[in-house]
Amino acid sequence: MEILSEGSIMGFSVAITSGKRVLYNSGFGHIDVEKTQPVANETRFDIASVSKLVGVTVIMKLIEEGRLSLDTSLEQLMPEFPEEALAEKIKLRHMLSHTSGLMDYALEMDRVFMENGVLPTKKDLLAFFKGKDLRFEPGTNYQYCNSGFMLMAFIAENITGRPWQQLIEDYINQRSNLDFQLLKYAVESPETSPIFNYGKERFDKVPTWSYVMGDGGLTTTTEMLALYPQFWSKGKIIEPSAYEKMVKPTELSNSLSTGYGYGVRNGEFLGERIIGHTGGWKTTYAIMAFFPDRNVTFAGLMNTDGTPLDMNQIFTKYMSVALGRKIPDYSSGFKEITNLYQYVGDYHGFDTEFDHQGKTVTVNLQDGQLQYCINANCEKLWPMGKNKFWLKSFPYDFIEFQTNDQGKALAIKEYYYGFFQVLRKRVIE
């Protein structure tokens, strides 16, 4: 296959469903360096941060049962959290929407594990937050953060007295006849693929991060992941009203909104609305994209990190064909629009969960056309519609300005391969 021919991907699997009907499901490549075990439809993969969407579904069920509230503070939910003053400010809703301002635990804990091979305990994970401040006041900004979802799992265990895997079993697997298992339980199964890192033309097996839960750590097959929206969005696991709360973009306290709900990325792909999640590290190796207007889902899982071709690109290849759509060229019919000065300015946001300072981009106006600039590198912005602009060099990406009542831009929402990724607030001069 063309995608495997370059030799940088060990194996991957794709499933596309329409309702509960599987339109396509196939595996490619292998799950071992010796290439004796091919990827099969039954192969389980780490779904990485797509686990957030599944995990928040459990939390919404607990809210339906009256055992949790989105407005309860972290201090009330987890009295053992080491920074009481911070915990009083943070609500459960902030933790599930990447608006808590918490520092991200993952890089430091992963580094310690990689160095000494000792799995961190709950005590170790909580100790990470000792002496650390917030990046911003809860509810005022957006920065992707694994910490809130890791704490989410501990909170659910505290409230119910049941392990996280048992809650997944009770609230997800039994209600859907699907099978999501934490890595710590699935890793020994011959159907579970290890994770590999591609570098220097070789594949190295990555140690199993079996301590991860809440923010990641779940495994399943592509078929089961593609079928998940048929239960999640149809009232089979949570009430339709809870589903709508999950997918609704979060409103910040300063009249801005993000493109992220509770454990859910929103977006648009080739003119079609998508909701779901992505997951991975150096390159995206897990995607679940649900097209609600068509009731169609794409699930793609890959066992290789650090590859030139990532799962985002595999997603675009498959779904461009499945939807019968070509990339529109917004530059070909370009017409000048008035009042472009409303968008000109500097915008600051956090590109990753580990970004301590954030990055500022500049939108300027040259020869009657807007440009999006990172330092001296500028990309023309082509209008797609009200407040939306396209980048020709990144044809599946777009940005959307948020404006006030007078039309002046207050922030930028950035969408990569269709999914919301970054919020950049206008820098006030």
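**Close-up 1. Residues that join helix 2 to helix 13 in the predicted model.** On the helix 2 side, the contact is formed by Leu-53, Val-56, Thr-57, Met-60 and Glu-64. Their partners in helix 13 are Ala-242, Lys-245 and Met-246. Sorted by class, this contact between helix 2 and helix 13 comprises 5 nonpolar, 1 polar and 2 charged residues.

**Close-up 2. Crossing of helix 2 and helix 13.** Helix 2 spans residues 50-64 and helix 13 spans residues 240-247. Their axes come within 10 Å of each other, with a crossing angle of roughly 135°. Helix 2 is therefore oblique to helix 13. The crossing of helix 2 past helix 13 is right-handed.

**Close-up 3. Crossing of helix 2 and helix 9.** Helix 9 covers residues 164-176. The axes of helix 2 and helix 9 come within 10 Å and cross at roughly 85°. Because angles of 65 to 115 degrees count as roughly perpendicular, helix 2 and helix 9 are assigned to that class. Helix 2 contributes Val-54, Gly-55, Thr-57, Val-58, Lys-61 and Leu-62 to the contact. Helix 9 contributes Trp-164, Leu-167, Ile-168, Tyr-171, Ile-172 and Arg-175. By class, the contact of helix 2 with helix 9 holds 8 nonpolar, 2 polar and 2 charged residues. Thr-57 of helix 2 takes part in this contact and also in the contact with helix 13.

**Close-up 4. The second largest pocket and its lining.** The volume of this pocket is about 250 Å³. Its lining consists of 14 residues. Of these, Arg-93, Pro-249, Thr-250, Glu-251 and Tyr-262 lie nearest the centre of the pocket. The lining of the second largest pocket divides by class into 4 nonpolar, 6 polar and 4 charged residues.

Conventions. Residues are numbered from 1 along each chain as its sequence is written. This is a predicted model: local features need pLDDT of at least 70, side-chain atom pairs count only at pLDDT 80 or more; totals for chains, interfaces and linings use all residues. Side-chain values use heavy atoms; hydrogens and water are left out. Axes are lines fitted to C-alpha atoms, for helices over the stretch in contact, and angles run from 0 to 180 degrees between N-to-C directions. Helices (H or I, at least four residues) and strands (E, at least two) are DSSP runs, numbered from the N terminus. Angles under 35 degrees count as roughly parallel, over 145 as roughly antiparallel, 65 to 115 as roughly perpendicular and the rest as oblique. A crossing is left-handed if the near helix is turned anticlockwise from the far one by less than a right angle, and right-handed if clockwise. Contact means heavy atoms within 4.5 Å. Ala, Val, Leu, Ile, Met, Phe, Trp, Tyr, Cys and Pro count as nonpolar, Asp, Glu, Lys and Arg as charged, and the others, Gly among them, as polar. On a 1 Å grid over the protein atoms alone, a cavity is a set of points where a 1.4 Å probe fits but cannot get out, and a pocket is an open set with protein on both sides within 12 Å along at least five of seven lines; lining residues have an atom within 4 Å of a point. Grid points are joined across faces, edges and corners, and a volume is the space filled by probe spheres set on the points.
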